[in-house]
Amino acid sequence: MNRRSFLVSGASTIALAGASKCLGQSAFFRGQVPDPPFSPFWESLKSYRCPDWFRDAKFGIWAHWSPQCVPEQGDWYARNMYIQGSGQYQYHVKQFGHPSQFGYKDICHLWRAEKWDPEALVKLYKRAGAEYLVSLATHHDNFDCWNSKHQPWNCVNIGPKRDIVGTWARVARSNGLRFGVSYHGTPHRTWDEFLPVRYKSDTTGPLAGVSYDGMQTTADGKGKWWDGMDPQMLNGKPHAKNTPCPEFVRQFMLRVQDVVDSHSPDILNFDDGAQFTFDEGGKWAPDLKVWLGIPDLAPQIMAYYYNKNVQAHSGRLEGVVDLKEVPEPIWGTLTRDFEFGMADGLQENPWQTEMCIGGWHYDRRLLENHGYQKASSIIPLFVDIVSKNGNLLLSIPLPGHGEPDSDEIAFLDELASWQQVNSDAIKGTRPWAIFGEGPSSESKQRFSYGFSELKFDHTDIRFTTKSETLYAIALGWPSDGKILIKSLAENTPNYPRQIGKVELLGAKSKIRWTRGTQGLEIEVPDVPPCKHAVSFRILPS
């Protein structure tokens, strides 16, 4: 979709107005707000430094799991089921009934998570190389996946009757993983993009003009499964998009505070930007044309979260905030997040790519057609990201019942096999003087969702370092048995030292190599030690 963006010059001024309340009471948060070091404006937040654990981790798995996974029809189901003519609307009417009679609240009621085994899943994720797990806390659907104090439409009251976020947090940490939450229910994402369609009706057909269930009130629930609950707490009070929502903003801030206070996440991820952007919409997302972004609210949230994190870790800052659409002057205040995209070249500060092997919410058709992203595509991209000082957060979408399908397990097994051989070249590393060489290193930056354009082979080399060790990772296997690393030619300013040893990770025997004016030439064995990318450990004399 086309987007146009601008940095709102008044964002810092708005945030600065709240700085006087950084001690004691807050205009947004309840109770005692933690003391500084951080105040809720950008100049204060520039003292942030990304913690070493995140720089070391490189890879996390994302449990992007909500009631929208129940129909198994892909992402944005909670919006598109209310858009007559869309594939998800048609599926919903056929499978569940018309949205005037069976709405999204009823989908939430169907979520049972009956096959969910978080202990087994976390062990599988860890074997695949994950060092952190991120759980979806709230999507644009406005349903909370923890025991929320401010949203009664949550997974403890409705559906699974379990604290999904809390369980993920406990199991992840007991298995040695860091834990994060992703919050997608930001004001414009939810109030403007997702809720207004729930108040509409069909424009044609036998139920034309009959309002969808977004118009229902508490009185309509008498004698039904949701008797006594107010559906407007889930659907919002009927409103048009791009209308003011001060009450929703206040509730949003309290819900963020609640998930931070309740679960003390190591990562706080937002599916929104640090500047305002215009979402034009398009064929696959009709009737959008809304402004997104939280540049006014972000400093308030970040200061609160960072200070709580410092308090929880005896004076050390261990927390990470992920935001999209970050203007360059404030890059160092947080971790820049790229949805199916990446930073352009080697970056001074750590950053993160978000990817999914399928749809963001589970889509059964991808299993039926074996349409998931393959490890052969993801692994070279992962190496490329790490070489540029980035991390990869990868979603493995779960069905509503909570058990991954056979193709997803096969993907994770293949990733685990690769990590078993190559993790030394990934975990705990830092970027080298240059990130890489080869045709793909010279290509221009790809825009969001443009990864399919990237192609890699054995001439594409990526570099990482750990202490005095340099790792060179080839993103393919040569047919002629030779790999040439031009950046390690004799007398190169990047590596003026003598090379003492070159090893192929996972190889059963020593390899032969020579260093000349053209580069470091390595003779590889007939059979690679792993698929998709191979790592060389290079040690100085």
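These legends walk through a few close-up views of side-chain contacts in a predicted model. Local features are shown at pLDDT of at least 70 and side-chain atom pairs only at pLDDT 80 or more, while totals for chains, interfaces and linings use all residues. Residues are numbered from 1 along each chain as its sequence is written, and side-chain values use heavy atoms, with hydrogens and water left out.

**View A. W65 and W111 meet edge-to-face.** The structure holds 30 aromatic pairs (rings of Phe, Tyr and the six-membered ring of Trp, centres within 6.5 Å; planes under 30 degrees apart are stacked, over 60 edge-to-face, the rest tilted). In this one, the ring centres of W65 and W111 are 5.2 Å apart and the planes stand at 90 degrees, so the pair is edge-to-face. W65 sits in the loop between β2 (59-63) and α4 (77-80), and W111 in the loop between α6 (104-110) and α7 (118-127), so the pair ties together parts 46 residues apart in sequence. Helices (H or I, at least four residues) and strands (E, at least two) are DSSP runs, numbered from the N terminus. Both W65 and W111 are buried (under 20% relative accessible area; exposed is over 50%, partly exposed in between; 1.4 Å probe, protein chains only). Look around them for the cluster that ring pairs build from W65, W111, W116, Y125, F143 and W168.

**View B. K58 is buried without a salt bridge.** K58 is found in the loop between α3 (52-57) and β2. The nearest side chain of opposite charge, D56, is 6.2 Å away (Lys and Arg count as positive, Asp and Glu as negative; His and the chain ends are not counted). A salt bridge needs a side-chain nitrogen of Lys or Arg within 4 Å of a carboxyl oxygen of Asp or Glu.

**View C. K324 and E354 form a salt bridge.** Their closest N and O atoms are 3.3 Å apart. K324 belongs to strand β8 (residues 320-324) and E354 to strand β10 (residues 351-356), so the pair ties together parts 30 residues apart in sequence. Both K324 and E354 are buried. Through shared partners, salt bridges join R189, E193, D271, K324, D337, E339 and E354 into one network.
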